[in-house]
Amino acid sequence: MAATDTAPRHALVTGGGSGIGAAIAQALVAAGMRVTITGRRPEVLQALAARYPGQMQAVVADVTDEAAIAQAFARAKAGFGPVQVLVNNAGQAHSAPFLKTDAALWQQMLSVNLTGTFLCTQAALPDMLAAKWGRIINVASTAGLVGYAYVAAYVAAKHGVVGLTRALALEVAKKGITVNAVCPGYTETDILRESIANVVAKTGRSVDEARAEFASGNPQGRIVQPEEVADTVLWLSGTGAASVTGQSIAVSGGEVMH
Ligand code: NAP
C-alpha cells in the first residue's frame, strides 16, 4: 500500500489491548488507519479488535521473543499490508529498592521495555525503508528522561529507549522515516493501579492517599489520561510532524521539561 495521504495507513501498536496502547489503537482507527494490536493475552486483544471489524486485527506475540515477533509482523502484513507506523508501547514497570533488584527483575525490565522495542523496530524498518516513509513512536516514560527512586531497572530501560530513539532518528533521517519517543507521566492504567496497590501494601497508606501522592508529582495535580498520550502519538504519526524526529516529548503536565 503506498504511503499517500489518501490510502489508509497500517499501524502496529504493541501492547495495544489495554491502557495507553488501547487508547492509541483506537485513536489511529478513528483517524482512518488500519491497526494491528499485539500483546500476550489473546482474549484481551480479540475483544478490542472485534469492536472494529476490518479496521483492527489482533495478533498474539511476546515482544521479548524474536521468533514470535517475526511471525507477528508477517501475520500483520498479510492482513493489512506493510507496517507504516510502528508504536512500541508494550512495557512493564516493576519497582524494588536497588539492592533488592535481582538480576531477573533487571533483565525482565530491559527485555520487555528496551529489547522489545529494538526487536519490533528491526522487524518493521525494512518495509519502511523500501517505502521511503515511516513513523516509529516509542512510548517511553518521564522515567526515560529523569530518575525516580526504587525503579532503577525500569528507569535504565526507559533511558535506553530514549537513547535508541535518538540514535535511530539520525540513522534514518534522510529516508522519510521519523523516530520519536512519547514520555507520559503517571497515567490512568493498570500499571498505575498496580503501583498504587504496591504502595498501599508496603506503606499501609490508603488507596486515596497513594493516588494523591502520584498525582502530586504532576504540576497540574492530576493523573494523565491515556487519550492524552494517544493524541500525541497520532500527531507524530502524521505527515504534519515530518520535521519532528529524535524527540522525546513529555506528556506529564509539566513534570519534566527537557
Ligand atoms: P498496561 O495497561 O499494563 O499496558 C501494558 C501493555 O503491554 C499490555 O497491553 C500488555 O499486554 C503489554 N505487554 C506487557 N508485557 C509484554 C510482553 N512481554 N510482550 C508483549 N506485550 C506485553 O500499562 P500502560 O500504562 O498502558 O503501559 C503502556 C506503556 O506506557 C508502557 O511502555 C509503560 O511503561 C508506559 N508508561 C506508562 C505510564 C503509566 O503511568 N501508566 C507512565 C509512563 C509510561 P499483555 O499483558 O497482553 O502482554
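Reply: The questions below cover helix packing, then the ligand. The model is predicted: local features need pLDDT of at least 70, side-chain atom pairs count only at pLDDT 80 or more, and totals for chains, interfaces and linings use all residues. Residues are numbered from 1 along each chain as its sequence is written, and side-chain values use heavy atoms, with hydrogens and water left out.

Me: Are helix 4 and helix 5 roughly parallel or oblique to each other?

Reply: Helices here are DSSP runs (H or I, at least four residues), numbered from the N terminus. The axes of helix 4 and helix 5 (residues 152-171) come within 7 Å and cross at roughly 20°. Axes are lines fitted to C-alpha atoms over the stretch in contact, and angles run from 0 to 180 degrees between N-to-C directions. Angles under 35 degrees count as roughly parallel, over 145 as roughly antiparallel, 65 to 115 as roughly perpendicular and the rest as oblique, so helix 4 and helix 5 are roughly parallel.

Me: How are helix 1 and helix 8 oriented to each other?

Reply: Helix 1 spans residues 19-30 and helix 8 spans residues 226-236. Their axes come within 8 Å and cross at roughly 50°. The two helices are therefore oblique.

Me: How many residues of the contact of helix 1 with helix 8 are nonpolar?

Reply: Contact means heavy atoms within 4.5 Å. Gly19, Ile20, Ala23, Ile24, Ala27 and Leu28 of helix 1 meet Pro226, Glu227, Val229, Ala230, Val233 and Leu234 of helix 8. Ala, Val, Leu, Ile, Met, Phe, Trp, Tyr, Cys and Pro count as nonpolar, Asp, Glu, Lys and Arg as charged, and the others, Gly among them, as polar. One residue is polar, one is charged, and the nonpolar count is 10.

Me: How many charged residues does the contact of helix 3 with helix 4 have?

Reply: Helix 3 (residues 66-80) and helix 4 (residues 103-131) pack at about 35°, with axes 9 Å apart. Glu66, Ile69, Phe73 and Lys77 of helix 3 touch Leu119, Cys120, Ala123, Ala124 and Asp127 of helix 4. Six residues are nonpolar and none is polar, while the charged ones number three.

Me: Which residues come nearest the ligand?

Reply: A residue counts as near if one of its heavy atoms lies within 4 Å. There are 26 residues around the ligand. Those that come nearest are Ile20, Arg40, Tyr154, Thr187 and Thr189.

Me: How far is an oxygen atom of the ligand from an N or O atom in the side chain of Ser18?

Reply: A ligand oxygen is 2.9 Å from a side-chain N or O atom of Lys158. For a polar backbone atom of Gly15, the distance to a ligand oxygen is 3.2 Å. For the Ser18 side chain, the distance is 2.8 Å.

How values were computed:
Polar contact = N/O pair within 3.5 Å; in protein donor to acceptor, adjacent residues only side chain to side chain.
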